[in-house]
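Q: I've got a structure open and want to go through it piece by piece. Can you take some questions?

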Protein chains: 2
Amino acid sequence: MQSAFGWLPRSETRMSEVLDFGARLQETMVRHGRLCVGIDPHPDLLAQWGLPETGGGVRRFGEAVVEAAAGRVGVVKPQVAFFERYGVAGMEALAAVQRSAREAGLLVISDAKRGDIGSTMAAYAHAWLHPESEFAADALTVSPFLGFGSLGPAIEAAEAYGAGLFVLALTSNPEGGEVQLARRGDRSVAGQIAEAAARRNIERREGHNVRDVSHPALGHIGLVVGATTASTAQQAEVDLTRGLPPLLAPGYGAQGASVADLREGFGSAFDHQVLVNSSRAILVQGPQRAGLVDAIDRARDDVS
Amino acid sequence: MQSAFGWLPRSETRMSEVLDFGARLQETMVRHGRLCVGIDPHPDLLAQWGLPETGGGVRRFGEAVVEAAAGRVGVVKPQVAFFERYGVAGMEALAAVQRSAREAGLLVISDAKRGDIGSTMAAYAHAWLHPESEFAADALTVSPFLGFGSLGPAIEAAEAYGAGLFVLALTSNPEGGEVQLARRGDRSVAGQIAEAAARRNIERREGHNVRDVSHPALGHIGLVVGATTASTAQQAEVDLTRGLPPLLAPGYGAQGASVADLREGFGSAFDHQVLVNSSRAILVQGPQRAGLVDAIDRARDDVS
């Protein structure tokens, strides 16, 4: 798995500035591979693990996943809804789990799918990306229903804090196409979002005066592209490689896509840009640490 | 303002079952008019009010707005991002403010713009609509970027709990059209969302065997349609009246639309379906109760 990322520059040369999320993610993927472990304390899983449906329950669930994942993979993705469901105590649990994960050296992508405009978008970005916020993560998933431009305040926050965004683009659920494949002018919504993200990644890279532009790092603005829908990107004229956005791919494992599907669907983007999320297929192997560790190792090796 | 809603049935006849959100909203609008007061503790407003940028600050801000609004209007809309920004304490403040508002007889629309799929969407719906959740509201704003169908679990939760949803459809920000006016087949995204909401409202009404179908109540699935973009609904072939969805209209006052604009933009939908939100124009008149009360009274009378 080292070889897949070997051509990418190590970013030690740029340690004097705040490292961009793309550079940090890339380093992490060089070291640990492309698996992202989802932290989804679904009520059914809590029951299976013998944990209560409370803030305390989701906290113990999340801490166990972090402990099993630390040192084995580079990235975890807490699903915010499964914490928010338990009110204030659930959000307290989320903050604690994210803190533990970052202290353990894991990158955290908060899967919150936030999206709004202006100062409201800025407030969400502060909540999830500001280093001193309780919910601080390395990256946040965001929803562009209000237009890619509405994400501007979140992009600015991400750039200021060295954080990242993953913008919903081509999701794996069957109804997603109603919106994402709708067309405006000569472009699909997903294609337009991918192009806007590409432009921002390219501008940022140019602004940073990366010396060797033939070997750029991953961008800080990523896209969410379902493992099972990546193959539709081409027909929807969505260029997934321009600007080198990291691509967060849910839908591997429990939801149905195999590694062969991923390689075929993502094509040339697979090797360097794709972060493959697995949640349920790993989490059903808990609560014992041995079961989780084994499932994580197998999934990591499978997608490498 | 009574006259505008006088043709609508009073729902006392159906008190034996859980009242639908549409029926409750309608009663509230008959009694109090169509103004919704936004609770947006923007950092600038906190400073102006002499409140700290903390959970305690946003709580005191929210409680003051609730106190001024109670008995004068029927609905408040807390902007969740401005609470989430302050981490766990911010969410605790939001829960307290929403509880105070509901105890004071106000309907609460949590403006959270949540959106996801399957069990994740169900978890958000539980967080915001389940009567025993700490964040329980009467209605929630939701984002359909993953397709209207992805909101299914939230619709089911709303129907089970007598709660409502306001689905983003035609927002007032300039970039919104990139997605919302994109076309799929012969329809815009916004038009397709309005049609799906209409169908659900009609089915629900039929399922309830409302006796006098010529005088139906408002639906439980509403739409968010910006005050300044309502006029584009016609050109985008968005039917805002079919199924009688309540229409939440931000953009009045501080953001620029006058009542004349609203009447012209919404046309025949204005009289019975439109809930006009005002946040900033009212909130800048705080922190004194007299200033808030006066601004609320003026806005309520202006939009009636």
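Q: Start with Leu244 in chain A. Where does A:Leu244 sit?
A: This is a predicted model, to begin with. A:Leu244 is in the loop between helix H11 (232–235) and S9 of chain A.

Q: Is A:Leu244 buried or exposed?
A: A:Leu244 is buried, because its relative accessible area is 15% and the cut-off for buried is under 20%.

Q: What about the phi of A:Leu244?
A: Phi of A:Leu244 is positive, about 50°, although the residue is not a glycine.

Q: And in chain B, what is phi of B:Leu244 near, and where is the residue?
A: Phi of B:Leu244 is near 50°, again a positive value in a residue other than glycine. B:Leu244 lies in the loop between helix H11 (232–235) and strand S9 (247–249) of chain B. With a relative accessible area of 14%, B:Leu244 is buried.

Q: Switching to the sheets. What do the strands of chain A form, and in which order?
A: Eight strands of chain A close into a barrel, ordered S1-S2-S3-S4-S5-S8-S9-S10, and the pairing is parallel. From one strand to the next the twist averages 30°.

Q: How many bridges join S4 and S5 of chain A?
A: Four bridges join strand S4 (residues 139–142) of chain A to strand S5 (residues 164–170) of chain A, and the two run parallel. A:Ala139 stands opposite A:Gly164 of S5(A) in that pairing.

Q: Which helices pack on that sheet?
A: Among them is helix H10 (residues 189–207) of chain A, which touches S5 and strand S8 (221–225) of chain A, with its direction at about 155° to that of S8(A). Helix H12 (residues 259–266) of chain A also packs there, touching S8, strand S9 (247–249) and strand S10 (274–278) of chain A, and makes about 145° with the direction of S9(A).

Q: How many residues of S8(A) are buried?
A: Five of its five residues are buried, so S8(A) is mostly covered. A:Ile221, A:Leu223 and A:Val225 point one way from S8(A), while A:Gly222 and A:Val224 point the other way.

Q: What does S8(A) pair with?
A: S5(A) is joined to S8(A) by five bridges, and they run parallel. A:Leu165 stands opposite A:Ile221 there. S8(A) also pairs with S9(A) in the parallel sense, over two bridges, and the bridge partner of A:Val224 in S9(A) is A:Leu248.

Q: OK, helices. At what angle do H4 and H6 of chain A cross?
A: The axes of helix H4 (residues 55–69) and helix H6 (residues 87–103) of chain A come within 8 Å and cross at roughly 15°. Angles under 35 degrees count as roughly parallel, so H4(A) and H6(A) are roughly parallel to each other. Their crossing is right-handed.

Q: Which residues make the contact?
A: On the H4(A) side they are A:Gly55, A:Val58, A:Arg59, A:Gly62, A:Glu63 and A:Val66. H6(A) brings A:Ala89, A:Gly90, A:Ala93, A:Ala96, A:Val97, A:Ser100 and A:Ala101. By class, the contact has seven nonpolar, four polar and two charged residues.

Q: Last stop, chain B. Where is B:Ala112, and what does B:Ala112 touch?
A: B:Ala112 is in strand S3 of chain B and counts as buried at 1% relative accessibility. Leaving out residues up to four places away in sequence, B:Ala112 touches A:Tyr124, B:Val80, B:Trp128, B:Leu140 and B:Thr141.

Q: And how far is the C-alpha of B:Ala112 from that of B:Pro78?
A: Those two C-alpha atoms are separated by 8.6 Å, with the residues 34 apart along the chain.

Methods:
Residues numbered from 1 in each chain as written. Chains lettered and ligands numbered in written order. Predicted model: local features only at pLDDT ≥ 70, side-chain atom pairs only at ≥ 80, totals over all residues. Heavy atoms only, no water. Axes fitted to C-alpha atoms, helices over the stretch in contact; angles between N-to-C directions. Parallel < 35°, antiparallel > 145°, perpendicular 65-115°, else oblique. Left-handed = near helix turned anticlockwise from the far one by under 90°. Contact = heavy atoms within 4.5 Å. Nonpolar A, V, L, I, M, F, W, Y, C, P; charged D, E, K, R; others polar. Pairing = 2+ DSSP bridges. Buried < 20%, exposed > 50% of the residue type's maximum accessible area, 1.4 Å probe, protein only.
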